[in-house]
Amino acid sequence: MKLAISIVTYNRPKHIKEFLNLVSFQTRLLGIGVYIFDSSSNRLTADVVGRFQDEGGQNIYYYKYLEDKEPRERLKKFSDALDLPEAEYIWLCGDKFMLYPKNYALILDFLSHDYDIMTMYHIGDGIKYYDDAVQFFSECAVPLTHYGSTIIKKSLLEPYNADWLNQLADEQLYHVAFTVYANAIANKKSFQGVYVQIDSTCFLKKSRYVTPSEYEGAMWDIWVEKWYHSVMSLPKSYNKAKKNILCSMDKELHWYSFKNLLLQRSGGQYSVKKFLKFRKYARQIIQIPEWIVFCVSCLPQKVAGYLYEWCMWNDFRR
């Protein structure tokens, strides 16, 4: 098998049904494996997958795990998602976003050229080829953090066994896939990587179901503190690129623009206390002046909300 899609999921049977409705026919037609790694607290997801298997989904595989409670339990599911599929390339995906199947034939065509890693995103300009792993990782840091945007040779992942993943759990790193990809290609000789820009209208399909996300209300914890530690834990070969990688989220996605800071403050995502706690990380990640970040953190939440609405109104008028 050339390519396997590994989906990690937890208590989201509706998402899995939506995903399989979208991809089951095309993946079977193209010989792409679909592996589902589920730690749900019930059998609803298993029942959904079983129905697709009974209807001819011989390329669909299902693995059941204990409910996620500890980092090691989550990493076991993650580790198996990279290790168990019998394919040359592994495509690790979540259950809330999926790449439209219209892109699958294009993906297989790229993989026929024996790239070590391929990443896809709607930001950028066309196709870019890399023969340097550090440059690739530095310039593609944003899509590399997104489940569903990266495909990698399975052979590159084999050195990263359960002991190594347990070490990640001990260090409480959050962006595990990002860290695994970085280590896998860090010392690759004759490296070949490719970035493919795909139009947003035919890239990721967002699930129509609204489910709680651990990202909501945790921007500062996940994308300031944990992002800083994840980047700083990268191998030494990335040392010269770490500064650029640290601020890549803000440069490309503008998560900490003045307007977004107002939104975060209005929702109570950060305060003076949190600003001071994360200050040493924030100053290397956030691109606008530190005094502005501090001033916004001092605003009453309602005032920040009014200012955010005013900014949005001005944008609309333009």
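A salt bridge here is a side-chain nitrogen of Lys or Arg within 4 Å of a carboxyl oxygen of Asp or Glu, and a search of the whole structure finds ten of them. The model is predicted, so local features need pLDDT of at least 70 and side-chain atom pairs count only at pLDDT 80 or more, while totals for chains, interfaces and linings use all residues. Residues are numbered from 1 along each chain as its sequence is written, and side-chain values use heavy atoms, with hydrogens and water left out.

**View 1. The salt bridge between D114 and K153.** The N to O distance in this pair is 2.8 Å. D114 lies in the loop between α4 (104–111) and β6 (117–121), whereas K153, 39 residues apart from it, belongs to strand β8 (residues 150–153); helices (H or I, at least four residues) and strands (E, at least two) are DSSP runs numbered from the N terminus. K153 is buried at 13% relative accessible area and D114 is partly exposed at 35%, where buried means under 20%, exposed over 50% and partly exposed in between (1.4 Å probe, protein chains only). Both residues belong to a network of salt bridges that also includes D116 and K188.

**View 2. The salt bridge between D221 and K274.** Here N and O are 3.1 Å apart, and the pair joins helix α10 (residues 219–232), which holds D221, to helix α14 (residues 272–277), which holds K274, across 53 residues. D221 is partly exposed at 22% relative accessibility, and K274 is partly exposed at 21%.

**View 3. The salt bridge between E290 and R283.** The closest N and O atoms are 3.1 Å apart, and E290 is partly exposed, with 26% relative accessibility.
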